Structure formats: structure tokens, C-alpha cells
Amino acid sequence: MSEWPLVAFTLFVQSSVGVVIFSALFFCHLEKSLGNQRASLAMKPVLLTGAVLGCLGLLASTLHMGYPWNAFHALRHISTSWLSREIVFAAVYLGALCLYTLFVLIKGRMNRSILALIGLLGLIDIYCMASLYFSTAMMTWMHVNTYILFFAAVFAAGSAIALGLTALRVKSVIDGTTAVRIVATALGLIFLAVAVRMAAQPFFLEWLSETAQNSDAITFPHSPLTAYATTSGLRIIAGALSISGILFLGFSLMRMRNTVLTSGLPVILSGSLLVFAGEVLNRFAFFIVK
């Protein structure tokens, strides 16, 4: 599929930002029960994964450019170009994340405030990324739905990855109360992200229908409703995967409670995988335009 570099670029960077944000949230819970040193040791691989995802996303972004070095010329238009702003904030975010990850790996101590600040830089980058696609002449992207999809992926895909990795790292070293808090935090934000994304779709479809009929501007695709309909199967499967993942996580939390990260670990990992798979299919549905 020709869309995969864009899927990888956007989803990996958004997942990276989500992993950083949830690393900060989970670290807050772990630091209270384990202390800074042990909590930092547990979260090192999670933070490293966030940095690797960000770098992979940056690498994927070069694969859909005719000449990647042209990206440097875009920096001259930062005052008017969302592409320039996205490049700048991506560089700032990834630079800060990689440097801080290296510091944590060497020193073995984390600071939740610094993690939160890096996560904020990442959210600004995601806003610039969404604005870049929103500002194109692609009608299926020219709606607030683009912002919703991108930020939902931050909290759904990022949370799923961070939860799965954290569960593997801390399953045998934390108390049941902390385990419940970690899973509940992830579940609550995944549910909110998926719910907002799904609730926005009818409004987006109504806007698309009205705009396609009333607009005289030249936009692509020429038949946006038809183009949107061609990906309905992908979006239905993606929604089913996301809902299934949420149900898995909710089931493990309700039935296993304090053993949610021990006895319930297979269910947690399965739910996280389903949520992430749903985000992958949603992203393909976004970029496939026929």
C-alpha cells in the first residue's frame, strides 16, 4: 500500500507522544509505591520505546518525500507554513525526548515534570501535524475530525503501548491498588478517546455531504462521499477492534481487580493489542483516498 509511510509517520509519532504522556502518569503512581529509583528502573523501557517510536516515525516521514533534504528548505517559511512548524516542533520534541531518555538510561532517575513538559511539546507537534492535513485541498481532511482522529490516536494507541509495556515490567513488584490505578487510568482515557472519535463521525459525514453539494471550490477527491464510503469496512473493523479492546480491559479490571496485572495480564495485553490494531486500521482509512 502506498499509504503506509504516512500511516507509519503519523501513527508512530502520535504513539510516541502518548507513550511519553502515559509514562508520566504511570510514573506518578509507581513513584508513590516504589520510590523514584525503582519506579524509574521499571519505566526505562517504556520511555525508550517512546523515543524509538518517534525516531521510526521521523524515518518513515522521509519515505514519502521525493527528495528528503528539501525538508530543510521548508524551515524558511515557519511564519506561514504548517509544514515548517510541524518540522520544527517534531525536531524539538524528538530532540528533547532522545536527550532525556539518554539521561534517564545513564542516571537511572526520572522526573515527572520533565516528562510532562516533553509530552506537551509532543502535543504541540501533533496539533501542527493535524493542521497541516486540515489545510490541504483534500475535502475528507478539511474538518475538525482530523484533529479528533490524531489526538484520539495519541491517547488510545499511546496508552495501549504504554500499558502493555508497563504491565510486563511491574506485574510482580507493585501492590494491587497501584495496579488497579494504572489500568483504570489507561482504560478511562482510551474509552474517552474512542468515544469522542466515534461520536464525531456522524457530524463529519453530515458536513461532508453538505459541503460536497454546495462548494464550488476545487478539492479532492472529486466525489468525497464515495471516497469516504470505500473505507467504511476498514472503519467498522477498526471500531470493533477498539471496542473489543476496551471490553477486554474493563473485564480484567472488574473481574480480577487487585490481580489485574498478574492473573489478568494476558487479557490486558490482548486488550492493548486490539486497541492499537484499531488505530492502525483507522489511520489507513484516513489516508486511503480513491
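Leu-149, Arg-197, Glu-279, Asn-282 and Arg-283 line the largest cavity in this predicted model. That cavity has a volume of about 30 Å³. A search of the whole structure turns up one cavity of 30 Å³ or more.

**The largest cavity**

- Helix α9 gives the most to the lining of the largest cavity, with three residues.
- Sorted by class, the lining of the largest cavity holds three charged residues, one polar and one nonpolar.
- Asn-282 lines the largest cavity, and Asn-282 also lies among the residues nearest the centre of the second largest pocket.

**The second largest pocket**

- The second largest pocket has a volume of about 350 Å³.
- Its lining is made of 20 residues.
- Nearest the centre of the second largest pocket lie Gln-201, Tyr-228, Arg-235, Asn-282 and Ala-285.
- Five helices each supply at least two residues of this lining: α5, α6 (176-214), α7 (224-230), α8 (232-256) and α9.
- By class, the lining of the second largest pocket counts 11 nonpolar residues, seven polar and two charged.

**Helix α4**

- Helix α4 covers residues 112-134, 23 residues in total.
- From first C-alpha to last, α4 reaches 32 Å, close to the 33 Å expected at 1.5 Å a residue.
- At the start of α4, Asn-111 places a side-chain oxygen within 2.9 Å of the backbone nitrogen of Ser-113.
- Buried residues of α4 include Leu-115, Ile-118, Gly-119, Leu-121, Gly-122 and Asp-125.
- Further along, Ile-126, Cys-128, Met-129, Ala-130, Ser-131 and Tyr-133 are buried in α4 too.
- The cover over the buried residues of α4 includes α1 (4-34), α2 (36-61) and α3 (82-107).
- Helices α5 (145-170) and α9 (265-287) are also included in that cover.

**Asn-36**

- Asn-36 lies in helix α2.
- Why does Asn-36 count as buried? Its relative accessibility is 14%, and buried means under 20%, so Asn-36 falls in the buried class.
- The Asn-36 side chain reaches the backbone oxygen of Met-110 at 3.0 Å.
- Leaving aside neighbours within four places in sequence, Asn-36 is in contact with Phe-27, Glu-31, Arg-109 and Met-110.

**Ser-131**

- Ser-131 lies in helix α4.
- Is Ser-131 buried or exposed? Ser-131 is buried, because its relative accessible area is 1% and the limit for buried is under 20%.

**Ser-159**

- Ser-159 is found in helix α5.
- With a relative accessible area of 0%, Ser-159 is buried.
- Which residues does Ser-159 touch, not counting residues up to four places away in sequence? They are Phe-22, Val-154, Ala-186 and Ile-190.
- Ser-159 and Val-183 stand 24 residues apart in sequence. In space they are 9.8 Å apart, C-alpha to C-alpha.

Note on methods. Residues are numbered from 1 along each chain as its sequence is written. This is a predicted model: local features need pLDDT of at least 70, side-chain atom pairs count only at pLDDT 80 or more; totals for chains, interfaces and linings use all residues. Side-chain values use heavy atoms; hydrogens and water are left out. Helices (H or I, at least four residues) and strands (E, at least two) are DSSP runs, numbered from the N terminus. The expected span of a helix is 1.5 Å times one less than its number of residues. Buried means under 20% relative accessible area, exposed over 50%, partly exposed in between (1.4 Å probe, protein chains only). Contact means heavy atoms within 4.5 Å. A polar contact is a pair of N or O atoms within 3.5 Å; within protein, one must be able to donate a hydrogen and the other to accept it, and residues adjacent in sequence count only if both atoms are side-chain atoms. On a 1 Å grid over the protein atoms alone, a cavity is a set of points where a 1.4 Å probe fits but cannot get out, and a pocket is an open set with protein on both sides within 12 Å along at least five of seven lines; lining residues have an atom within 4 Å of a point. Grid points are joined across faces, edges and corners, and a volume is the space filled by probe spheres set on the points. Ala, Val, Leu, Ile, Met, Phe, Trp, Tyr, Cys and Pro count as nonpolar, Asp, Glu, Lys and Arg as charged, and the others, Gly among them, as polar.
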